Amino acid sequence: MKWIPNFNSSNSLRVIFVIAVFILLFLSSIAYKHNQDLNESSKLVMHTYEINIQLERLMSAIKDAETGQRGYIITRNGRFLAPYLYSRDKVNASFITLKKLTADNPIQQQNLENLFKLIIQRFVSFENCLKYSDPKTYDKRKLDNHMFGGRILMENIRFQVDKMNDIEKKYLENRQKIYDQEISLSPLFSVSLFLTALTFILLAYRQISRDFERLKVFNKRLLISSGLMAESEIIGKFSTWQWDLDANKIDYSDNQYRILGVAPNSFVPEKETFLDFVHPDDKEAVAVSMQGIIEKKNLPFIYYKIIRRDHEIRHFKSTGKLLTDQQGSKILLGINFDITDEHLLNIELQERNRELEKSNKELASFNHVASHDLQEPLRKIQTFISRVSDADKAVMSESAREYLSKIESSAKRMRVLIDDLLLFSRTNTTKKEFIKSNLNELLENAESDLTEIIHEKKAVITASKLPKLDVIPYQIEQLFINLIGNSLKYSQPDRIPEIIIESEKVLSASYPDLLEQSIKKYHKITFSDNGMGFDPQFKETIFVLFQRLHSKTDYPGTGIGLAICKKIVENHKGYILADSVPGKGSLFTVFLPD
Amino acid sequence: MQKNALYILLADDDEDDRLFFKDAFEEIKIQTNVDFVHDGMQLMDHLNNLDNKLPDILFLDLNMPKKTGKECLIEIKKTERLKNIIIAIYSTSSSEEDIEDTFIQGANIYIKKPSDFNTLKKIINEVVTVNWHYHTSGLNRDNFLLRLK
């Protein structure tokens, strides 16, 4: 089925979509990773910062202890010793925190270990300073030594702390550098990937909207054609149905319901529903044909009757076909025609035909009556008149002789009429055997039939070469006799009759109004004479039965001769025309198909 | 009945025709014996009666009651004893069909009943004097129907 659009693009669309989805997945995984890295880096900063702070706290705790000790040594006031006493705890707390913070870094652990040793030494130095500054155990030299040693230890501690801070800082810087490198690579990459994905999606969108447009166009066409189909089903009085054999689902077109005499979709069609409508006489035949479609895949036309629910009988003609679709499922398609009107018309035609045949038979029997029964009394009248001898006539009165002669001429005329009428009706009813004949030979026969009158009138007949055609020989001979006889009959008394017969081949296209165009070539045979002619206004009517242009006293005749000519020419699927210039002559033209 | 005279039999139901026929034979100067039968049945009875002499020429009308001329013709041609009788069809009809049928059934000549007594005499003269042996051997569809010159 040609009109089903081919949406090839759907495959490429799928590819485009898959690519776009993968790009987007890739982009989001990169973004996720960046996020993770960022998180990591901020944790790292926090970590460094915390270590830094803890180290500073450590330092400040030692400094507090140092300041407190100095205050005590100078003032000997116990209150100055409080920070010193707390500082020990603070140092420990900081130390534990630091230990935890640097757990992942062995170098820093080592440094922390060293720092702790220094701090312990510093506290020992504090203890010693306190001890040697006490008035009870005062020793200026030792105090100086320890004080001085403490200062050096302090510097070492500071150094150690700075070292640890530096390490952290450097570590942070390194990490930051790597992170920056990673980050600096991706934006361009991401953006280009994003743009690619965007392009793909835009492409897909364009394709979709294009397909959508086409779909809209095809939808419209489909709508129109299904509308047309429904309409033509109604007008054409036919319907369609489909039966999906696999799904066992039957669909009727709307008109199927209508031609069954019910409203569309007024019942759900099933296998047996249709048979319910079929006339009991035809039920079996229809059921067999339905089965036949499945076996033979095709159903020749079947003719049957159905009964509508209102008991109206309709005549149906149906055909069907088995289709197998691409998925391999089998579908029966069927068409039902409601041919009731044609059927009735057919019956009427048959009736008319019978009547025609009857009337033809009657005509034939009329022929018989005319040819035999009517002629018999007439023949006897004539024969009896001929039996009245001249001797008998001599004793008759003048008027009796005249009456007898009038009876004789009337009987003669009646004979001519009956003979001509018979000839006319036989022209039509006798069997028409077409034989390839030389028209020149037939013309000769006709001339020999007319020898007497030709001699009498000293007529000159000139004929050119005539064709050989499939004709009914005796009819064409009759045609020639009638036409030539007509010319001789209506010749001018003071002129020798001349009849010229010519023939040529013509194309029917040259006479579009006259000739049957399905036959390409005709033979045009003309009979022209120099007779008295006739008024051209009668050129049609002279071919009509019993039409006469002259009184029968001037020219005896029955008005049948030219009607016979027309009939003969029509029997040969030809045409005859007449034309004339009064006083100059007449022209009869016969067209016979090649 | 004169000896050596031609024996003519006419089968015709029409009394007037029989009269014309009889008169015509009387007026021509040929020695003939003319007999008449009135219908087909009578004709066949006459022919089949072994006591009766067979006619030299049988004039046979087609349109007769009881048994038509055509039926008689077929019967005669089927009967061994009768099939050589010269048969002249003598009918009012000159329809192609009748001429064709009787020719095929083996009649020797077809005469259309004339409407003039003198013509009838000429026809009878022609038929009676024809050399039938010669005529029959050269018989064809064209000279079957008698046409007077």
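1. Basis. The model is predicted: local features need pLDDT of at least 70, side-chain atom pairs count only at pLDDT 80 or more, and totals for chains, interfaces and linings use all residues. Residues are numbered from 1 along each chain as its sequence is written, while chains are lettered from A and ligands numbered from 1 in the order in which they are written.

2. Chain A overall. Chain A has 15 helices and 12 strands (DSSP runs numbered from the N terminus: H or I of at least four residues for helices, E of at least two for strands). Of its 594 residues, 20% are buried. Buried means 20 or more other C-beta atoms within 10 Å of the residue's own, exposed 12 or fewer, and partly exposed in between, with C-beta atoms placed from the backbone. Among contacts in chain A with a separation of 6 or more, 65% join residues 24 or more positions apart. A contact needs C-beta atoms, placed from the backbone, within 7 Å.

3. Helix H2 of chain B. H2(B) spans residues 40-48, and its buried residues are Gly40(B), Leu43(B), Met44(B) and Leu47(B). They line one face of the helix, because they fall within an arc of 90 degrees seen down the axis (the arc of directions from the helix axis to the C-beta atoms). Their cover includes strands S1 (6-11) and S2 (32-37) and helix H3 (69-78) of chain B.

4. H2 against H3 in chain B. The two axes come within 9 Å and cross at roughly 20 degrees. Axes are lines fitted to C-alpha atoms, for helices over the stretch in contact, and angles run from 0 to 180 degrees between N-to-C directions. H2(B) and H3(B) are therefore roughly parallel (angles under 35 degrees). H2(B) contributes Gly40(B), Leu43(B), Met44(B) and Leu47(B) to the contact; H3(B) contributes Gly69(B), Glu71(B), Cys72(B), Glu75(B) and Ile76(B).

5. Between the chains. The contact takes 12 residues from chain B and 12 residues from chain A. On the chain B side, helices H1 (15-27) and H5 (117-129) each supply at least two residues.

6. Positive phi. His311(A), not a glycine, has a positive phi near 70 degrees. The residue sits in the loop between strands S3 (298-307) and S4 (313-324) of chain A. His311(A) counts as exposed, with 7 C-beta neighbours inside 10 Å. Lys66(B) also has a positive phi, about 70 degrees, without being a glycine. Its loop runs between strand S3 (57-60) and H3 of chain B. Lys66(B) counts as partly exposed, with 13 C-beta neighbours inside 10 Å.

Terms used
Two residues are in contact if their C-beta atoms, placed from the backbone, lie within 7 Å. Angles under 35 degrees count as roughly parallel, over 145 as roughly antiparallel, 65 to 115 as roughly perpendicular and the rest as oblique.
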